[in-house]
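Me: I would like to learn how to read the features of a model like this one, step by step. Could you take me through them after the structure is shown?

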Amino acid sequence: MKVALEIDEGLFRTYLFYTAILVIKVLSMALLTARQRFTKMIFANPEDAKMNSKSKVKYDDPDVERVRRAHLNDLENIPFFIVVCFGYLLTNPSLYIATNLIRLFVASRIIHTIVYAVIVLPQPARGLSWFAGYATTWYMAFQVILSFV
């Protein structure tokens, strides 16, 4: 049995564009962590701390750990979205809905990082931004499953 896999070209380009944004976002988190470490002169490895006599090794700085947790949260959410979203594109979704779900996910991840690690805002800002992306991923995953039923 042959299966024809078709994705609207414009939608696929949207997917690729926003996937690239997400990849850059995740990679930028390493730079944000480094900025925190260098600003506070706090490092996780003794050899890194030896670069400057004012540096010290510390594993539990709250500001560095906040950025690291935001980065970890990206690593827990973004790869699954990228995979599920590709599957979702193969279900022949509404172009309008698919495009806006992709945008919603990307915006939610950017907002999540801002309110968690850049300009810390009280809850529910972080929870709402996380949930918007999480719910989007679940919705797409269910649509993929339903396409087989």
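Me: Where is Asn92 found?

Reply: Since this is a predicted model, local features are taken at pLDDT of at least 70 and side-chain atom pairs only at pLDDT 80 or more, whereas totals for chains, interfaces and linings use all residues. Residues are numbered from 1 along each chain as its sequence is written, and side-chain values use heavy atoms, with hydrogens and water left out. Helices (H or I, at least four residues) and strands (E, at least two) are DSSP runs, numbered from the N terminus. In these terms, Asn92 is found in the loop between H3 and H4.

Me: What is the phi of Asn92, and is the residue buried or exposed?

Reply: The phi of Asn92 is near 60°, a positive value in a residue other than glycine. For accessibility, buried means under 20% relative accessible area, exposed over 50%, and partly exposed in between, with a 1.4 Å probe and protein chains only. Asn92 has 68% relative accessibility and therefore counts as exposed. Met41, not a glycine either, has a positive phi of about 55°, and Met41 is located in the loop between H1 and strand E1 (42–43).

Me: Which peptide bond is cis?

Reply: The peptide bond that runs from Gln123 to Pro124 is cis, with omega near 20°, and Pro124 belongs to the loop between helix H4 (95–118) and H5.

Me: How many salt bridges does the count come to?

Reply: In general, side chains of opposite charge can pair when their charged atoms come close. The rule applied is that a side-chain nitrogen of Lys or Arg lies within 4 Å of a carboxyl oxygen of Asp or Glu, and by this rule the count comes to 5 salt bridges. One of them joins the side chains of Asp74 and Lys25, at 2.5 Å from N to O. This pair links distant parts of the chain, with Asp74 in helix H3 (residues 62–89) and Lys25 in helix H1 (residues 9–40), 49 residues apart. Both Asp74 and Lys25 are buried, and a network of salt bridges links Lys25, Asp74 and Arg109.

Me: Which residues does Lys40 form salt bridges with?

Reply: Lys40 forms a salt bridge with Asp61, where the closest N and O atoms are 2.8 Å apart. Lys40 lies in helix H1 and Asp61 in the loop between strand E2 (56–57) and H3, so this pair ties together parts that are 21 residues apart in sequence. Lys40 also forms a salt bridge with Asp63, with the closest N and O atoms 2.7 Å apart. That pair again links distant parts of the chain, from Lys40 in helix H1 to Asp63 in helix H3, 23 residues apart. As for accessibility, Asp61 is buried, with a relative accessible area of 4%, whereas Lys40, at 29% relative accessibility, counts as partly exposed, and Asp63, at 34%, counts as partly exposed.

Me: How many aromatic pairs does the structure hold?

Reply: A pair of aromatic rings is described by the distance of the centres and the angle of the planes. Here rings of Phe, Tyr and Trp (its six-membered ring) pair if their centres lie within 6.5 Å, and planes under 30 degrees apart count as stacked, over 60 as edge-to-face and the rest as tilted. The structure holds 11 aromatic pairs. Among them, the rings of Phe17 and Tyr18 have centres 4.9 Å apart and planes at 85°, so this pair is edge-to-face. The rings of Tyr88 and Tyr139, with centres 6.2 Å apart and planes at 65°, are therefore edge-to-face. Tyr88 lies in helix H3 and Tyr139 in helix H5, so the pair ties together parts that are 51 residues apart in sequence. Tyr88, at 3% relative accessibility, counts as buried, while Tyr139, at 35%, counts as partly exposed.

Me: Which residues do ring pairs link into a cluster?

Reply: Ring pairs link Trp130, Phe131, Tyr134, Trp138 and Phe142 into a cluster.
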